[in-house]
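Hi everyone, thanks for coming.

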Amino acid sequence: MGVTLAYETWGEGSRPLVLLHGFTGNRASFHGLRPLMGRSVRAIAVDLPGHGATPLPERKGRDGFLETVDALVSLVDRLGLGTVDLLGYSQGARVALAAAVRAPDRFGRLIMESGSPGLHRRQERAARREADGQLAAFIRARGVDAFVERWEALPLFDGLRAMPTERRETLRAHRRACTPEGLAGALETLGLGVQPDYWSELHHQRLPTLLLTGARDDKFTQTARRMAAELPVVWRHAFADCGHAPHLEAPEEYVREVLGFLQTPWYEAPQFEGTPATAAASPGRVSP
(Lines give C-alpha, C1' and ligand atoms only; values in the text may rest on other atoms or scores of the structure.)
Protein backbone atom coordinates (compact mmCIF):
# COMPACT_ATOMS: atom_id res chain seq x y z
CA MET A 1 0.00 0.00 0.00
CA GLY A 2 2.95 2.36 0.56
CA VAL A 3 3.47 4.94 3.28
CA THR A 4 0.75 7.46 4.17
CA LEU A 5 1.95 10.93 5.11
CA ALA A 6 0.52 12.63 8.20
CA TYR A 7 -0.22 16.32 7.82
CA GLU A 8 -2.01 19.35 9.21
CA THR A 9 -3.48 22.41 7.55
CA TRP A 10 -3.45 26.05 8.61
CA GLY A 11 -3.88 29.46 7.08
CA GLU A 12 -6.82 31.43 5.76
CA GLY A 13 -5.55 31.99 2.22
CA SER A 14 -6.91 30.32 -0.87
CA ARG A 15 -3.52 29.34 -2.31
CA PRO A 16 -2.51 25.78 -1.28
CA LEU A 17 1.14 25.47 -0.26
CA VAL A 18 2.68 22.14 0.77
CA LEU A 19 5.40 22.54 3.43
CA LEU A 20 8.14 19.90 3.77
CA HIS A 21 10.47 20.10 6.77
CA GLY A 22 14.11 19.14 7.09
CA PHE A 23 15.80 16.23 8.86
CA THR A 24 14.88 16.13 12.60
CA GLY A 25 11.83 18.37 11.98
CA ASN A 26 8.11 17.69 11.72
CA ARG A 27 4.90 19.33 10.52
CA ALA A 28 5.26 22.00 13.24
CA SER A 29 8.62 23.17 11.92
CA PHE A 30 7.04 26.05 10.00
CA HIS A 31 4.71 27.21 12.78
CA GLY A 32 6.87 30.30 13.29
CA LEU A 33 5.84 31.48 9.82
CA ARG A 34 2.12 31.09 10.44
CA PRO A 35 1.49 34.60 11.83
CA LEU A 36 3.44 36.09 8.90
CA MET A 37 1.92 34.20 5.98
CA GLY A 38 -1.23 32.50 7.28
CA ARG A 39 -3.54 35.04 5.64
CA SER A 40 -1.98 34.49 2.23
CA VAL A 41 -1.75 30.70 1.92
CA ARG A 42 -3.52 27.52 2.89
CA ALA A 43 -0.62 25.51 4.26
CA ILE A 44 -0.48 21.72 4.15
CA ALA A 45 2.36 20.89 6.56
CA VAL A 46 3.55 17.30 6.18
CA ASP A 47 5.40 14.88 8.45
CA LEU A 48 8.01 13.17 6.30
CA PRO A 49 8.76 9.47 6.99
CA GLY A 50 10.46 8.77 10.31
CA HIS A 51 9.32 12.14 11.68
CA GLY A 52 6.20 13.12 13.60
CA ALA A 53 3.32 10.74 12.97
CA THR A 54 4.49 9.35 9.61
CA PRO A 55 6.01 5.85 9.67
CA LEU A 56 8.99 4.81 7.63
CA PRO A 57 8.41 3.48 4.10
CA GLU A 58 8.15 -0.25 3.61
CA ARG A 59 11.39 -0.18 1.61
CA LYS A 60 14.76 1.40 2.31
CA GLY A 61 17.27 3.05 0.02
CA ARG A 62 16.31 4.51 -3.32
CA ASP A 63 13.02 2.55 -3.40
CA GLY A 64 11.99 4.08 -0.09
CA PHE A 65 12.82 7.56 -1.33
CA LEU A 66 10.66 7.05 -4.42
CA GLU A 67 7.90 5.54 -2.27
CA THR A 68 7.91 8.77 -0.25
CA VAL A 69 7.69 10.89 -3.40
CA ASP A 70 4.73 8.82 -4.63
CA ALA A 71 3.08 9.23 -1.21
CA LEU A 72 3.36 13.00 -1.52
CA VAL A 73 1.78 12.99 -4.98
CA SER A 74 -0.98 10.71 -3.66
CA LEU A 75 -1.64 13.10 -0.78
CA VAL A 76 -2.05 16.01 -3.19
CA ASP A 77 -4.48 13.93 -5.24
CA ARG A 78 -6.51 12.93 -2.15
CA LEU A 79 -6.83 16.53 -0.99
CA GLY A 80 -8.42 17.43 -4.32
CA LEU A 81 -7.01 20.96 -4.33
CA GLY A 82 -5.98 21.02 -7.95
CA THR A 83 -2.55 22.49 -8.55
CA VAL A 84 -0.59 23.23 -5.37
CA ASP A 85 2.71 24.98 -4.68
CA LEU A 86 5.63 23.25 -2.96
CA LEU A 87 8.05 24.60 -0.36
CA GLY A 88 10.73 22.36 1.09
CA TYR A 89 13.67 22.93 3.42
CA SER A 90 16.89 20.87 3.14
CA GLN A 91 15.71 17.22 3.16
CA GLY A 92 12.21 18.50 2.34
CA ALA A 93 13.58 20.55 -0.57
CA ARG A 94 15.04 17.41 -2.11
CA VAL A 95 11.72 15.58 -1.78
CA ALA A 96 9.89 18.60 -3.23
CA LEU A 97 12.13 18.66 -6.31
CA ALA A 98 11.67 14.92 -6.78
CA ALA A 99 7.88 15.34 -6.63
CA ALA A 100 7.99 18.18 -9.16
CA VAL A 101 10.00 15.96 -11.50
CA ARG A 102 7.72 12.98 -10.86
CA ALA A 103 4.39 14.80 -11.40
CA PRO A 104 4.88 18.37 -12.68
CA ASP A 105 1.21 18.69 -13.60
CA ARG A 106 0.22 18.49 -9.88
CA PHE A 107 2.29 21.51 -8.87
CA GLY A 108 2.34 25.21 -9.70
CA ARG A 109 5.52 26.64 -8.22
CA LEU A 110 8.52 25.18 -6.42
CA ILE A 111 10.48 26.76 -3.56
CA MET A 112 13.68 25.05 -2.42
CA GLU A 113 15.46 26.28 0.70
CA SER A 114 18.99 24.95 1.15
CA GLY A 115 18.29 22.04 -1.18
CA SER A 116 20.16 19.95 -3.71
CA PRO A 117 19.30 17.91 -6.82
CA GLY A 118 21.52 15.12 -5.49
CA LEU A 119 25.04 13.82 -5.90
CA HIS A 120 26.19 13.38 -9.48
CA ARG A 121 28.98 10.82 -9.05
CA ARG A 122 28.36 7.24 -8.00
CA GLN A 123 31.38 7.32 -5.68
CA GLU A 124 29.98 10.38 -3.89
CA ARG A 125 26.65 8.68 -3.35
CA ALA A 126 28.36 5.56 -1.99
CA ALA A 127 30.48 7.62 0.39
CA ARG A 128 27.42 9.51 1.61
CA ARG A 129 25.48 6.29 2.17
CA GLU A 130 28.36 4.98 4.27
CA ALA A 131 28.50 8.20 6.32
CA ASP A 132 24.73 8.18 6.83
CA GLY A 133 24.89 4.52 7.83
CA GLN A 134 27.47 5.33 10.50
CA LEU A 135 25.31 8.18 11.80
CA ALA A 136 22.27 5.91 11.85
CA ALA A 137 24.24 3.37 13.91
CA PHE A 138 25.25 6.14 16.33
CA ILE A 139 21.60 7.19 16.77
CA ARG A 140 20.46 3.62 17.41
CA ALA A 141 23.28 3.00 19.90
CA ARG A 142 23.36 6.33 21.76
CA GLY A 143 19.82 7.67 21.42
CA VAL A 144 18.24 10.90 20.27
CA ASP A 145 19.56 13.23 22.99
CA ALA A 146 23.19 12.33 22.29
CA PHE A 147 22.57 12.74 18.58
CA VAL A 148 20.92 16.15 19.02
CA GLU A 149 23.94 17.42 20.97
CA ARG A 150 26.20 16.27 18.14
CA TRP A 151 23.87 17.58 15.41
CA GLU A 152 23.43 21.04 16.90
CA ALA A 153 27.21 21.47 17.21
CA LEU A 154 27.71 21.23 13.43
CA PRO A 155 29.05 24.45 11.81
CA LEU A 156 26.14 24.15 9.37
CA PHE A 157 23.84 25.41 12.14
CA ASP A 158 25.96 28.25 13.52
CA GLY A 159 23.29 30.75 12.45
CA LEU A 160 20.69 29.13 14.71
CA ARG A 161 22.69 29.91 17.84
CA ALA A 162 21.83 33.60 17.47
CA MET A 163 18.08 32.94 17.63
CA PRO A 164 16.13 33.97 20.74
CA THR A 165 16.28 31.40 23.52
CA GLU A 166 12.60 30.48 23.29
CA ARG A 167 12.85 29.67 19.58
CA ARG A 168 16.03 27.65 20.11
CA GLU A 169 14.33 25.61 22.82
CA THR A 170 11.30 24.99 20.59
CA LEU A 171 13.59 23.76 17.82
CA ARG A 172 15.43 21.48 20.24
CA ALA A 173 12.14 20.07 21.54
CA HIS A 174 11.10 19.19 17.97
CA ARG A 175 14.39 17.38 17.46
CA ARG A 176 14.20 15.50 20.76
CA ALA A 177 10.65 14.39 19.96
CA CYS A 178 12.03 12.17 17.20
CA THR A 179 12.63 8.47 17.81
CA PRO A 180 15.97 6.73 17.27
CA GLU A 181 14.55 4.35 14.69
CA GLY A 182 12.69 7.14 12.93
CA LEU A 183 15.80 9.28 12.47
CA ALA A 184 18.04 6.33 11.60
CA GLY A 185 15.50 5.03 9.11
CA ALA A 186 15.06 8.46 7.57
CA LEU A 187 18.80 8.63 6.91
CA GLU A 188 18.58 5.24 5.19
CA THR A 189 15.47 6.22 3.21
CA LEU A 190 15.68 9.93 2.45
CA GLY A 191 19.40 10.60 2.72
CA LEU A 192 21.39 12.29 -0.02
CA GLY A 193 23.21 9.04 -0.75
CA VAL A 194 20.02 7.19 -1.75
CA GLN A 195 18.30 10.07 -3.55
CA PRO A 196 18.36 9.80 -7.35
CA ASP A 197 20.52 12.33 -9.19
CA TYR A 198 18.17 14.99 -10.56
CA TRP A 199 20.79 17.33 -12.07
CA SER A 200 20.01 16.12 -15.60
CA GLU A 201 16.29 16.80 -15.03
CA LEU A 202 16.66 20.49 -14.19
CA HIS A 203 16.64 21.83 -17.74
CA HIS A 204 13.36 19.93 -18.36
CA GLN A 205 11.74 21.49 -15.30
CA ARG A 206 9.14 24.10 -16.29
CA LEU A 207 7.78 25.03 -12.86
CA PRO A 208 8.73 28.55 -11.79
CA THR A 209 11.32 27.87 -9.09
CA LEU A 210 12.69 29.94 -6.20
CA LEU A 211 16.03 28.91 -4.68
CA LEU A 212 16.67 30.26 -1.18
CA THR A 213 19.87 29.95 0.84
CA GLY A 214 21.77 31.73 3.57
CA ALA A 215 24.75 33.75 2.31
CA ARG A 216 26.91 32.25 5.09
CA ASP A 217 26.08 28.76 3.88
CA ASP A 218 28.56 28.81 1.02
CA LYS A 219 28.10 25.16 0.01
CA PHE A 220 24.36 25.41 -0.62
CA THR A 221 24.58 28.91 -2.06
CA GLN A 222 27.04 27.61 -4.67
CA THR A 223 24.72 24.67 -5.34
CA ALA A 224 21.83 27.11 -5.87
CA ARG A 225 23.93 29.09 -8.36
CA ARG A 226 24.62 25.92 -10.31
CA MET A 227 20.94 24.97 -10.25
CA ALA A 228 19.90 28.45 -11.40
CA ALA A 229 22.11 28.05 -14.46
CA GLU A 230 20.17 24.91 -15.44
CA LEU A 231 16.55 25.80 -14.60
CA PRO A 232 14.52 27.58 -17.31
CA VAL A 233 12.33 29.74 -15.00
CA VAL A 234 14.17 30.58 -11.81
CA TRP A 235 14.63 33.16 -9.08
CA ARG A 236 17.41 32.97 -6.48
CA HIS A 237 18.03 34.79 -3.21
CA ALA A 238 20.71 34.46 -0.54
CA PHE A 239 19.84 35.98 2.83
CA ALA A 240 22.62 38.09 4.32
CA ASP A 241 23.91 36.99 7.74
CA CYS A 242 22.03 33.66 7.52
CA GLY A 243 23.26 30.09 7.50
CA HIS A 244 21.49 26.90 6.51
CA ALA A 245 17.98 27.73 7.82
CA PRO A 246 16.83 31.23 6.75
CA HIS A 247 13.19 30.43 7.58
CA LEU A 248 14.28 30.22 11.23
CA GLU A 249 17.04 32.84 11.22
CA ALA A 250 15.26 35.64 9.31
CA PRO A 251 11.55 34.70 9.18
CA GLU A 252 10.18 38.14 8.23
CA GLU A 253 12.54 38.57 5.28
CA TYR A 254 12.01 34.93 4.34
CA VAL A 255 8.22 35.34 4.13
CA ARG A 256 8.58 38.50 2.03
CA GLU A 257 10.65 36.56 -0.51
CA VAL A 258 8.27 33.59 -0.53
CA LEU A 259 5.07 35.62 -0.89
CA GLY A 260 6.66 37.94 -3.43
CA PHE A 261 7.54 34.92 -5.53
CA LEU A 262 4.14 33.25 -5.18
CA GLN A 263 2.33 36.47 -6.07
CA THR A 264 4.46 37.37 -9.12
CA PRO A 265 2.40 36.86 -12.31
CA TRP A 266 3.78 34.51 -14.91
CA TYR A 267 2.44 32.95 -18.02
CA GLU A 268 3.04 30.18 -20.54
CA ALA A 269 4.30 31.79 -23.73
CA PRO A 270 2.01 31.13 -26.73
CA GLN A 271 3.00 28.27 -28.97
CA PHE A 272 3.35 29.24 -32.60
CA GLU A 273 3.33 26.76 -35.44
CA GLY A 274 6.69 25.07 -35.66
CA THR A 275 7.93 26.61 -32.39
CA PRO A 276 8.02 24.68 -29.09
CA ALA A 277 6.28 26.29 -26.11
CA THR A 278 8.55 27.80 -23.48
CA ALA A 279 7.77 29.05 -20.03
CA ALA A 280 8.22 32.73 -19.37
CA ALA A 281 7.86 34.84 -16.28
CA SER A 282 6.73 38.37 -15.68
CA PRO A 283 8.60 40.65 -15.11
CA GLY A 284 11.20 38.21 -16.37
CA ARG A 285 13.74 35.58 -15.40
CA VAL A 286 16.02 36.81 -12.64
CA SER A 287 19.67 36.36 -13.41
CA PRO A 288 21.36 33.86 -11.08
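This is a predicted model: local features need pLDDT of at least 70, side-chain atom pairs count only at pLDDT 80 or more; totals for chains, interfaces and linings use all residues.

Helices here are DSSP runs of H or I with at least four residues, and strands are runs of E with at least two, numbered from the N terminus. Residues are numbered from 1 along each chain as its sequence is written, and side-chain values use heavy atoms, with hydrogens and water left out.

Alanine 173 has 45% relative accessibility, so it counts as partly exposed.

Two strands count as paired if DSSP finds at least two bridges between them. Seven strands form an open sheet with mixed pairing, in the order β1-β3-β2-β4-β5-β6-β7. The edges are β1 (7–10) and β7 (234–239); each has a single partner strand, so one side of each is left without a neighbour in the sheet. From one strand to the next, the twist averages 20 degrees.

Let's follow part of that order. Strand β4, residues 84–89, runs parallel to β5, residues 107–113, and five bridges join them. In that pair, leucine 86 stands opposite leucine 110. Leucine 110 also stands opposite threonine 209 in β6, where β5 and β6 pair in the parallel sense over four bridges. Next, β6 and β7 pair over six bridges, again in the parallel sense, with glycine 214 opposite phenylalanine 239.

How many residues of β6 are buried? Six of its six. Thr209, Leu211 and Thr213 point one way, while Leu210, Leu212 and Gly214 point the other way.

What about the helices? Contact means heavy atoms within 4.5 Å. Angles run from 0 to 180 degrees between N-to-C directions, and axes are lines fitted to C-alpha atoms, for helices over the stretch in contact. Helix α8, residues 218–230, lies across β5, β6 (209–214) and β7, at about 160 degrees to β6.

Two helices also meet each other: the axes of α2 (residues 61–79) and α7 (residues 180–190) come within 7 Å and cross at roughly 95 degrees. That makes α2 roughly perpendicular to α7, where angles under 35 degrees count as roughly parallel, over 145 as roughly antiparallel, 65 to 115 as roughly perpendicular and the rest as oblique. On the α2 side we have Gly61, Gly64, Phe65 and Thr68, meeting Glu188, Thr189 and Leu190 in α7.

Last stop: serine 90, in the loop between β4 and α3. Its relative accessible area is 19%, so serine 90 is buried. Leaving aside residues up to four places away in sequence, serine 90 touches Gly22, Glu113, Ser114, Gly115 and His244. With histidine 244, serine 90 makes a side-chain to side-chain polar contact at 3.1 Å. A polar contact is a pair of N or O atoms within 3.5 Å; within protein, one must be able to donate a hydrogen and the other to accept it, and residues adjacent in sequence count only if both atoms are side-chain atoms.

How values were computed:
Buried means under 20% relative accessible area, exposed over 50%, partly exposed in between (1.4 Å probe, protein chains only).
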